[in-house]
Amino acid sequence: MDCRNCGAPLPANDNVCVYCKTRHDVDLQSLNKPVSAGAEGNRICPRCEEKLTALRVTLGSHKATIDRCKSCLGIFFDPGELEELVDASVKKPDQVDYRRLNKVSHNRRLDGGRAVRYLKCPVCRELMNRKSYKTSSGIIIDICRDHGVWLDGGELNEIMHWTHAGGEIHAEEKKRERQHLEDTRRSIQSMATGGTAYTHGAGNRGWPGDDAAGLGIGAVIGFIIRSILD
């Protein structure tokens with residue numbers, strides 16, 4: 001996303017241009033849905049400690065209320081609303097656009113970022129958990145198990161770009177790769193411990209080159225796979 005005033009690229013996870021200081025409401029513009037301002041409620045912004053403003057947005061065939069901070073443009077979603085919004089707003093591709101996906105990751109690496117700290121839930125004021133959206137997106141969101149999800153200004157836009165680039169498909173691919181490596185590691189570990197031995201030569205069992213100390217090829221392959229998984 002570029003600054004609409006000077007054209008400079010906006011830093012990841014921030015809606016304020018570092019050059020001309022223009023603040024962008026890119027999250028709401030990216031929805032391309034009718035949005036109307038509502039009254040301030042009792043929910044508090046975990047960044048600015050100001051009351052959040054309730055907004056009505058269209059999610060598919062129905063409307064929902066989300067809460068936004070007018071200062072930092074962060075948004076709070078009740079449970080399930082973020083997923084509904086993404087499903088209603090983004091046409092999911094059939095395959096991964098790696099060029100676009102790499103650009104999303106590149107923009108995040110360019111971001112200087114703010115100091116990492118745990119934020120309070122806008123509703124219960126308990127500290128929320130930090131978690132990567134869809135496990136492997138690299139977009140860190142704040143979650144209250146009981147009340148919902150907080151996105152800092154710019155993160156909704158990143159999630160939509162990541163999804164449009166096939167991020168969910170890529171996440172599933174990575175998950176299958178890790179599961180395959182884990183299954184291979186378990187198989188090799190079973191062989192190394194005698195659960196299933198490789199037979200080489202008459203009457204000989206074990207991996208070729210295994211010595212009395214158990215430091216043969218089976219142990220080496222197991223070490224390599226563990227290194228990949230870690």
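Strand β5 (residues 129–132) and strand β6 (residues 140–144) run antiparallel and are joined by four bridges. Here strands are DSSP runs of E with at least two residues, helices are runs of H or I with at least four residues, and both are numbered from the N terminus. Two strands pair if DSSP finds at least two bridges between them. Within this pairing, S132 has I140 of β6 as its bridge partner.

On to the next strand: β6 is also antiparallel to strand β7 (residues 148–151), and three bridges join them. Here D142 stands opposite W150 of β7.

## About the model

You are looking at a predicted model, in which local features need pLDDT of at least 70 and side-chain atom pairs count only at pLDDT 80 or more, while totals for chains, interfaces and linings use all residues. Residues are numbered from 1 along each chain as its sequence is written, and side-chain values use heavy atoms, with hydrogens and water left out.

## The overall layout

The protein has six helices and seven strands. Reading from the N terminus, the order is α-β-β-β-β-α-α-β-β-β-α-α-α.

Of its 230 residues, 37% count as buried, which is to say under 20% relative accessible area; exposed is over 50%, and partly exposed lies in between (1.4 Å probe, protein chains only). The accessible surface comes to about 13,400 Å², with 50% of that belonging to carbon and sulfur atoms; these areas come from the Shrake-Rupley method with a 1.4 Å probe. Taking contacts (heavy atoms within 4.5 Å) between residues at least 6 apart in sequence, 51% join residues at least 24 apart.

## What holds hands inside

In soluble globular proteins, nonpolar side chains tend to be buried together. A nonpolar core here is a set of buried Ala, Val, Leu, Ile, Met, Phe, Trp, Tyr and Cys residues joined through side-chain atoms within 4.5 Å. The largest one has 25 residues, and F77, L82, Y133, L151, L156 and I159 touch the most other members. Two or more residues each come from β2 (51–59), β3 (62–68), β4 (75–77), α2 (81–89), α3 (98–110), β7 and α4 (155–164). The largest share, four residues, is from α4. Another core of 10 residues lies apart from it, including L52, C121, M128 and C144.

Helix α4 is mostly covered, with eight of its 10 residues buried: E155, L156, N157, E158, I159, M160, W162 and T163. After α4 comes G166, with a positive phi near 90°.

Helix α5 (residues 167–192) has 26 residues, which at 1.5 Å a residue should span 38 Å, and its end C-alpha atoms agree at 37 Å apart. The expected span is 1.5 Å times one less than the number of residues. In α5, the buried residues include G167, A171, E182, R185 and I188.

## Two loop residues to look at

Most residues other than glycine have a negative phi. E49 is not a glycine, yet its phi is positive, about 60°. You will find E49 in the loop between β1 (36–44) and β2, partly exposed with a relative accessible area of 47%.

R125 also has a positive phi, near 70°, in a residue other than glycine. R125 sits in the loop between α3 and β5 and, at 27% relative accessibility, counts as partly exposed.
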